[in-house]
Amino acid sequence: MTDFNRLHTDKLYINGEWRDSQRGDMHPVVNPATEEVICQVVQASTEDVDVAVSAARAAFGSWGKTSAGERSAFINAIADGMEKRREDLIQAVSSALGCPAHITKWLHVDGPIYAMRYYAERAALMEKTEKAAHSLIIREPIGVCGFITPWNYPLHQFVGKVAPALAAGCTMISKPSETTPLQDYVMAEIIDEAGLPPGVFNLVPGAGPVVGAALAAHPLVDMVSFTGSTRAGVEVARAAAPTVKRVTQELGGKSPLIITPDADLEKAVRWGCEDVFINSGQTCTALARMLVPADKYEQAVEIARQFAEEVVLGTGSDALMGPLSSARQRDIVRGYIDKGVAEGARLVAGGAEVPEGHDKGYYVKPTVFADVSNDMTIAREEIFGPVTCLIPYKDMDEAIAIANDTEYGLASGVWARDVDSALPVVRRIEAGLCFVNGGEFNYDAPFGGYKRSGNGREFGDAGLDEFIELKSVQLPA
């Protein structure tokens, strides 16, 4: 796929049809590796949101009453379509986000295909009736859902919302990021080809303050699921509050990686650096604070420096890191690097200068800071770029205190001698997710955070629960 405009990017997808926007203006999608506009995407208006919500409300009456078997068949058909158009999905994400295609395949596409099919199997849970003494507990779909998805893992978060909502019997309106909307158009075509009833899924691209705000505030939307910054998540919750709709939020993070004294230091540090540099650091779960025993600190700093200098930039098959998603994001990350230097952190590798050979594209060097204290800006604020901070600790109590000294609680990591010795440390960390000794993300398990990292969960059975209302039926004793 090279002509992205053939994806109906000049249209909205509402009630099973490609329609003109009542607003009509277009937003450019830029390839961050070349700085070239690759297509224009239409922007929806608040009036378009009204039409989409009305279509979803009308469709809910019948879709919410379909059998689990029917919904499962539709979800599997969508997963089949994703398999068939895997390359289109890879190109759509890679071209707008800048992630190298060979990484996009496994990081951005293969997992969501698995997750879509996972929820085809989970639809049957909606027909499960539980008994509690003289009561029956029945599951029912929550209703019409508004989805606001991010630019950094656009297909991942699309599927994390759409798949369980379909399994539950909900209808939905989805708003992609203006930066990376193309995979949503591929998905809309796949959904249309699968024959999903009109109104069940609707696509309304546009600006967050216009489309996102309208979805969050709309009185006919029963639930809104948002992924993005904590600042924007607060605004979504405020807009949703007057209608008392359910709100789930997957927000920011400033996650710690605790390397224990008995860990394999080389493996732990290199894995921790790769975790931060993959996707150019634009990962909400990035373990951007690496906590290292003080007596092994300089050795860890040297390992991190070597790893950063090995990283290949670009979009080729040998590249680990592509560009940042936009000029704005590049400038934000460079500003944080300058701030780290100004606050006295030791710049070990990288820096704010343009990487050699990458005058074109929004590239930032993979950057390592040492001599970081947890009160520095680069240790407290989410940078969302390829910047890792090494912080020493003297004992495990101090490591835990540093790890938990943050307003966030999305992810964490522990690298220890073995799993058994890691788990006691895991239990002391205030975060919804923990990667132990390089463990991988699991779509069968719940994903979400503590504290200001949000509320609610995605993926696993807990991800389905977000779209369910529980009805308690009291029977004669």
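How many nonpolar, polar and charged residues does the lining of the second largest cavity have? I looked this up in a predicted model, where local features need pLDDT of at least 70 and side-chain atom pairs count only at pLDDT 80 or more, while totals for chains, interfaces and linings use all residues. Residues are numbered from 1 along each chain as its sequence is written, and side-chain values use heavy atoms, without hydrogens and water.

**Second largest cavity.** I found six nonpolar, four polar and two charged residues in this lining, with Ala, Val, Leu, Ile, Met, Phe, Trp, Tyr, Cys and Pro counted as nonpolar, Asp, Glu, Lys and Arg as charged, and the others, Gly among them, as polar. The cavity has a volume of about 90 Å³, and its lining includes Lys-254, Cys-284, Glu-382 and Phe-384. I took a cavity as a set of points, on a 1 Å grid over the protein atoms alone, where a 1.4 Å probe fits but cannot get out, and lining residues as those with an atom within 4 Å of a point. A volume is the space filled by probe spheres set on the points, which are joined across faces, edges and corners.

**Largest cavity.** I noted a volume of about 120 Å³ for the largest cavity; of the 21 residues lining it, the closest to its centre are Ser-225, Thr-248, Gly-456, Arg-457 and Glu-458. Strand S10 gives the largest share of this lining, four residues, where strands (E, at least two residues) are DSSP runs numbered from the N terminus. I counted the lining by class as five nonpolar, 11 polar and five charged residues.

Definitions and conventions: On a 1 Å grid over the protein atoms alone, a cavity is a set of points where a 1.4 Å probe fits but cannot get out, and a pocket is an open set with protein on both sides within 12 Å along at least five of seven lines; lining residues have an atom within 4 Å of a point.
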